[in-house]
Amino acid sequence: MKEFELEPGEHVVKEARKHWFLFLSGLLPYAIIAVLPFALPNLLMLVPAFESYASFFDFSTPLMRISLGVWLLITWTSAWGAFTRYFLDAWVLTNNRLVDIDQKRYFSREVSSLLLSRVQDVTIKVNGVIPSLLDIGDISVQSAGATVDEFTMKGIPHPSQMRDLILKYVPTEPQTPGI
Amino acid sequence: MSASALLTQLNLRSGDLIVGALYVVFAFWAFYTLVAIYHWLKYSHASWVTFPAIAVHLFISLAIMSYALYGSIPLFVSYI
C-alpha cells in the first residue's frame, strides 16, 4: 500500500469500489459522444432542411477520416481516464481501520483513515428504484472523538454486507486511546 | 482574407496544418496517457487490473491513430 502502511498484525479485509452500474452511467456521455459522428448524418437525413449537410460526414476523405480519428481518440482517452479515476477511488477495510481513498482527479487524492475502535454507529441508506434493485447504497460511519466525525461511502455494492463486515471488526471492548 | 489566401501568404499548405494539429493531439494523448499510467502504477495497489487496463488503452489508441493516419487498422488488430 502506498497511501498507508499496514501495521504489524493488520491485514486488508475488503477493498470496495463504487457499483459498476454507477461507473457505466458515468461512461454513457462518452458513448454518446463516440457515436455522434456516425448517428448525425442519419439524423440530418430525417430533417429535409438539413439533408444536404449529411454528405459532409463522408469519412472516406482523408480530412474527415483524420477528424473522426481525433474525435474518437479524445473520447476514448477521456473514457479511459474516467475508468482510471473510478478504479483508484476505493475504500479499504482492514481489521483495524477503514480507509477512504478519494481520487478527485489526477494529482489530487485524499486518503482518510478511521480507526474501527472509534466507530459508534454504522448507517446504510438505499434510495431509489435502481439502487434498490441492484443493491447500491451509501454507508455512513459515525465516530467518537476522531478527526473525521462522519465517514461516508457512496454508491457501494451490497451496503448491508459491508456494514456487517465493518461491525464484525469493530472491537467490542473499549480500548485505551492511542493504542 | 480567405483561409487559403492566408495559408499562401504564410507559405503553408493545408496539409502542414493538419499534420501540425495531429502532432498537438498526439502530444496531448501521450502526456495524458503517461499521467494516467503513473497513477495506475503508483496507486493501484499492484492490482492485476493495472497492466491489462494500460494494454487495452494503448492497443485501442494505436488502432484509432492508425485508422486516422492510414485509413486502416494494423494487421495485428484484425486478428483479435
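Figure 1. Setting aside residues up to four places away in sequence, B:T33 touches B:H57 and B:L58. Keep in mind that this is a predicted model. You'll find B:T33 in helix 2 of chain B, which covers residues 14–43. Is B:T33 buried or exposed? Its relative accessibility is 4%, so B:T33 counts as buried, given that buried means under 20%. Now look at its link to B:H57: the two side chains make a polar contact at 3.0 Å.

**Figure 2. Chain B on its own.** What does the secondary structure of chain B consist of? Count through it and you get four helices and zero strands. Walk along the sequence and the pattern reads α-α-α-α. Chain B has 80 residues, and 36% of them are buried. Next, take the contacts in chain B between residues at least 6 apart in sequence: 29% of those join residues at least 24 apart. As for its surface, chain B exposes about 5300 Å².

**Figure 3. Where chain B meets chain A.** Here 31 residues of chain B are in contact with 28 residues of chain A. On the chain B side, B:Y32, B:W40 and B:H45 lose the most area to chain A, and together they make up 24% of what that side buries. The size of an interface is often given as the accessible area lost when the parts come together. For chain B and chain A, that comes to about 2700 Å² buried between them, with 79% of it on carbon and sulfur atoms.

Figure 4. How many salt bridges cross the interface of chain B and chain A? The rule finds zero. Polar contacts are another story: eight residue pairs make them between chain B and chain A, counting pairs with both residues at pLDDT 80 or more. Helix 2 and helix 3 (50–70) of chain B each supply at least two residues of the side that touches chain A. Which helix gives the largest share of that side? It's helix 2 of chain B, with 14 residues.

**Figure 5. Helix 4 of chain A, one face at a time.** Zoom in on helix 4 of chain A, residues 159–169, and pick out its buried residues: A:P159, A:M162 and A:I166. Seen down the helix axis, these buried residues fall within an arc of 60°, so they line one face of the helix.

**Figure 6. Salt bridges in chain A.** Side chains of opposite charge can pair when their charged atoms come close. Over all chains, the count comes to five salt bridges. One of these joins A:D164 and A:R163, whose side chains meet at 3.4 Å, N to O. Salt bridges that share partners also join A:D102, A:K104 and A:E110 into one network. Within it, A:D102 forms a salt bridge with A:K104, with the closest N and O atoms 3.3 Å apart. A:K104 also forms a salt bridge with A:E110, where the closest N and O atoms are 3.6 Å apart.

How accessible are these residues? A:D102 counts as partly exposed because its relative accessibility is 23%. A:K104 is partly exposed too, at 41%, and A:E110 is partly exposed with a relative accessible area of 41%. Back at the other pair, A:D164 is partly exposed at 43%, and A:R163 counts as partly exposed at 25%.

**Figure 7. A:P48 in its loop.** Find A:P48 in the loop between helix 1 (20–46) and helix 2 (62–88) of chain A. Is A:P48 buried or exposed? Its relative accessible area is 64%, so A:P48 is exposed, the cut-off for exposed being over 50%. Now compare its position with that of A:K104, which is 56 residues away along the chain. The C-alpha atoms of A:P48 and A:K104 are separated by 45 Å.

Technical notes:
Residues numbered from 1 in each chain as written. Chains lettered and ligands numbered in written order. Predicted model: local features only at pLDDT ≥ 70, side-chain atom pairs only at ≥ 80, totals over all residues. Heavy atoms only, no water. Buried < 20%, exposed > 50% of the residue type's maximum accessible area, 1.4 Å probe, protein only. Contact = heavy atoms within 4.5 Å. Areas by Shrake-Rupley, 256 points an atom, 1.4 Å probe, with all protein chains shown as cover. Polar contact = N/O pair within 3.5 Å; in protein donor to acceptor, adjacent residues only side chain to side chain. Arc of directions from axis to C-beta. Buried area = accessible area lost by both parts, 1.4 Å probe. Salt bridge = Lys/Arg side-chain N within 4 Å of Asp/Glu carboxyl O.
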